[in-house]
Amino acid sequence: MRPHEIAQMFSEVAHRYDRANHILSLNRDRAWRRELVRHAAPQPGERLLDLCTGTGDVVIEFARACPDIQIVGLDLSEEMLRIARDKFTQLGLNQRVQLVHGNALELPFAESSFEIATIAFGLRNLPDRAQGLREIYRVLSQGGRVFILEFSVPRSFLVRLAYLPYLRYIVPWVGGMLTGARAPYQYLRDSILSFPDRAQILEELYEAGFRPVGYRDLTLGIATLYWGGKAIC
Ligand SMILES: C[S@@+](CC[C@H](N)C(=O)[O-])C[C@H]1O[C@@H](n2cnc3c(N)ncnc32)[C@H](O)[C@@H]1O
């Protein structure tokens with residue numbers, strides 16, 4: 001799928017996206033985003049770019065935890081951004097956060113514009129991951145770091161035994177019922193199952209220039225947090 005087709009798919013479910021997320025993940029998505037913020041540990045004055053920001057939940061977690069950072073959220077779906085903007089207004093965050101409509105594969109920012117970049121459940125959606133990672137590397141300053149949160153296939157046979165039927169059959173069915181659109185949740189299932197394993201993602205981060213790179217599994221390996229640094233030359 002092309003980036004605009006993917007964004008269009010998210011626009012269709014935008015109004016029910018958050019609720020479906022929380023129900024399908026049994027609320028683990030909130031804990032995973034908090035873990036992302038804890039690992040990123042921004043310092044006062046740092047500039048943070050949240051890619052594929054969607055309805056803004058990662059931005060909200062950062063804004064709550066770190067009052068002294070500058071935050072930019074970027075997404076290709078106008079509808080997802082509209083919901084993010086409404087949430088920021090309710091939470092009084094509009095002055096602190098800038099939202100940008102744009103494509104993660106062609107970032108509208110100069111080199112070295114940010115100290116931290118994050119992308120939660122977005123890398124899976126980029127048709128050209130290598131280009132996405134190169135763009136992140138380009139806009140990070142020296143010493144900057146990237147944090148990627150993404151779904152994974154658990155490594156434990158026993159966990160897979162329970163999780164894979166849930167992912168294959170329950171997720172598209174319940175997601176369809178909650179949002180009125182089944183196709184995005186079939187896409188969710190297929191894109192999780194075809195996402196490369198952890199070693200391959202580390203390899204791709206390394207290829208893009210990041211050193212060191214690492215990862216940590218969350219909730220029995222259903223999600224994984226990856227990170228990479230842009231070395232000081
Ligand atoms: C699964 S949602 C994740 C939203 C949010 N990060 C979260 O934690 O819930 C993926 C988001 O990526 C956006 N997206 C997909 N392809 C994109 C691209 N090429 N550039 C920017 N955003 C993109 C979609 O519009 C959607 O809002």
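Student: Which side chain has an N or O atom 2.9 Å from a nitrogen atom of the ligand?

Tutor: That one is N103: an N or O atom in its side chain is 2.9 Å from a ligand nitrogen. Keep in mind that this is a predicted model. As for how covered the ligand is, it would expose 590 Å² taken alone, and the protein buries 99% of that. Two elements give two or more residues each to the shell around it, namely α1 (3-24) and β2 (70-75). The largest share, five residues, comes from α1.

Now the shell as a whole. It holds 22 residues, and those that come nearest to the ligand are Y17, C52, D75, A104 and A120. By type, the shell splits into 13 nonpolar residues, seven polar ones and two charged ones.

Stepping back to the chain that wraps up this site, you'll find eight helices and seven strands. Its radius of gyration is 17 Å, which agrees with the value near 17 Å for a compact globule, because that is what 233 residues would give. Of those 233 residues, 58% count as buried. Among contacts with a separation of 6 or more, 73% are between residues 24 or more positions apart.

Methods: Residues are numbered from 1 along each chain as its sequence is written. This is a predicted model: local features need pLDDT of at least 70, side-chain atom pairs count only at pLDDT 80 or more; totals for chains, interfaces and linings use all residues. Side-chain values use heavy atoms; hydrogens and water are left out. A residue is near a molecule or strand if one of its heavy atoms lies within 4 Å of it. A polar contact is a pair of N or O atoms within 3.5 Å; within protein, one must be able to donate a hydrogen and the other to accept it, and residues adjacent in sequence count only if both atoms are side-chain atoms. Accessible areas come from the Shrake-Rupley method with a 1.4 Å probe; for residues, only the protein chains shown count as cover. Helices (H or I, at least four residues) and strands (E, at least two) are DSSP runs, numbered from the N terminus. Ala, Val, Leu, Ile, Met, Phe, Trp, Tyr, Cys and Pro count as nonpolar, Asp, Glu, Lys and Arg as charged, and the others, Gly among them, as polar. The radius of gyration is taken over C-alpha atoms; the globule rule is 2.2 Å times the number of residues to the power 0.38. Buried means under 20% relative accessible area, exposed over 50%, partly exposed in between (1.4 Å probe, protein chains only). Contact means heavy atoms within 4.5 Å.
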